[in-house]
Amino acid sequence: MIMLKNCRLIPELTEGFDLAKADVIIDEEKIRKLAEPGSIADFDGRIIDVKGATLLPGFFDLHAHLYLSELNLAVIDNKPAVETCFDAYAFTREYLRQGYTTIRDAGSPYNLTRGMMKAREKGIINIPDIISSGHALTPTENGNKEYTLLYEVADGPYEFRKAARKQLEAGSDVIKVMVTGAFLNESGNPGQTIVTEDELRSAVEIAELKDTYVLGHAHGADGIKLGIRCGLRTIEHGCFIDEEAIEMLKENDRCFLVPTGTVSIACLDEDAGGLNDGATEKSRIYEEQEKACINKAYRAGLKMGFGSDADYEHFAKQPGMEFIARTDWYDFEYLDILLQATKYSAEIAGMADRKGTICEGKAAELVVVEGNPDEDIYVMKKKPKYVFFRGEVIEN
């Protein structure tokens, strides 16, 4: 048992407790008690005085690629599988050091995310909870050769059903579909829809049979609207979302937008080696359009998930990158960014009963941040003082 003394709380991220500060008791699994500071007597356990630092729920990243050690895909594709797997493990540990306790992997090869979770179940490693999607389903399309490890190619509804079943058979938790082209495909058109309605509905049908869902990579407005109509759970990126699609999402309580600011910034990083010229040029051309579209969706009041699409190199070099991207690249309010990283993402992922807020009985997945991030999000550029997860205490 551990008692965290003198924790500053954010009311919007706290349930069932009304004070602005608390002493909090946790064990390896759950939050056991929130109490007025100094009111708990005769505590028999470890005491950590956080001295007024802010206590937050563990963070979510709903769009990760744990195999993506850098943006140079040619290097990644030519690594031995075992090296890629160890890189992915290192990435998960960096996520944990930065306070992320739940990761939704939006595509990785070798079934490595499922393998890492099996290793955690055996007590070999301690990593965040991973929601795995396996290979991303895509039709035959120019640019596929640039992602030789990531894609499962399928054409027509029959092949899409089979490909979806293969991912679930391999142990994936959810299905990922490429609805539009991509920025990082040098020959891809990010605004262009590349799947048919019957292909996409086929994947959704299989997912629903297995009580799960489909997330869809979609930049273009037509692809976004197709995804909403076909029953996607999340629209990933959404860079060119239009007013009609925004209204469709406002009227839909089963589909949500997950913007990814980090990858947009990373694609324009002149010091990042290996990114193809086409991807960089597209990022420059569409920068202002993406910002305007995502900001319009935000101002419309959409509940958004927290995703980064980060590579390990940028993620480790710039702690808190997605938090900062959402106020510098986009134009979101600080408190909303924190809600997106915690409560809203937990709701979108179907985990709100056990994650996303600080509440007695919920998972003891907690982050202590020095400063007041709801008033100054830039304190997130520094790694958390403490991270608590599955009995492990990480002190940065």
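Student: Which strands form the open sheet, and in what order?
Tutor: In this predicted model, 6 strands form an open sheet in the order β10-β9-β11-β12-β13-β14, and their pairing is parallel.

Student: And which strands stand at the edges?
Tutor: The edges are taken by β10 (151-153) and β14. Each has a single partner strand, so one side of each is left without a neighbour in the sheet.

Student: What does the twist average from one strand to the next?
Tutor: The average is 30°.

Student: How many bridges join β13 to β14?
Tutor: There are 3 bridges between β13 (residues 234-237) and β14, and the two strands run parallel. Within this pair, I235 stands opposite L257.

Student: Where is L257 found, and is it buried or exposed?
Tutor: L257 belongs to strand β14 (residues 256-258). Its relative accessibility is 1%, and because buried means under 20%, L257 counts as buried.

Student: What does L257 touch?
Tutor: Not counting residues up to four places away in sequence, L257 touches a list of residues including I235, H237, I241, L249, A297 and M304.

Student: I241 is on that list. What is I241 in contact with?
Tutor: Leaving aside neighbours within four places in sequence, I241 is in contact with H219, I224, I246, L249, L257, C293 and A297.

Student: Changing topic, which residues of the largest nonpolar core touch the most other members?
Tutor: That core has 87 residues, and L56, V177, I241, L257 and F323 touch the most other members. Helix α5 (residues 197-209) gives the most to this core, with 5 residues. At least three residues come from each of domain 1 (2-57 + 358-394) and domain 2 (59-349).

Student: What lies apart from that core?
Tutor: Another core, of 20 residues, lies apart from it; among its members are I2, L9, V368 and Y386.

Student: Now the helices. Which residues of α3 are buried?
Tutor: In helix α3 (residues 112-121), the buried residues are L112, T113, M116, M117, A119 and R120. Seen down the helix axis, they fall within an arc of 155°, so they line one face of α3.

Student: Why would residues three or four places apart point the same way?
Tutor: An α-helix has 3.6 residues a turn, so residues at that spacing point the same way.

Student: What do the buried residues of α3 pack against?
Tutor: They pack against α2 (81-97), β7 (100-105), β8 (129-132) and β16 (386-389).

Definitions and conventions: Residues numbered from 1 in each chain as written. Predicted model: local features only at pLDDT ≥ 70, side-chain atom pairs only at ≥ 80, totals over all residues. Heavy atoms only, no water. Core = buried A, V, L, I, M, F, W, Y, C linked by side-chain atoms within 4.5 Å. Buried < 20%, exposed > 50% of the residue type's maximum accessible area, 1.4 Å probe, protein only. Helix = DSSP H or I, 4+ residues; strand = E, 2+ residues; numbered from the N terminus. Domains from an automatic or database assignment. Contact = heavy atoms within 4.5 Å. Arc of directions from axis to C-beta. Pairing = 2+ DSSP bridges. Axes fitted to C-alpha atoms, helices over the stretch in contact; angles between N-to-C directions.
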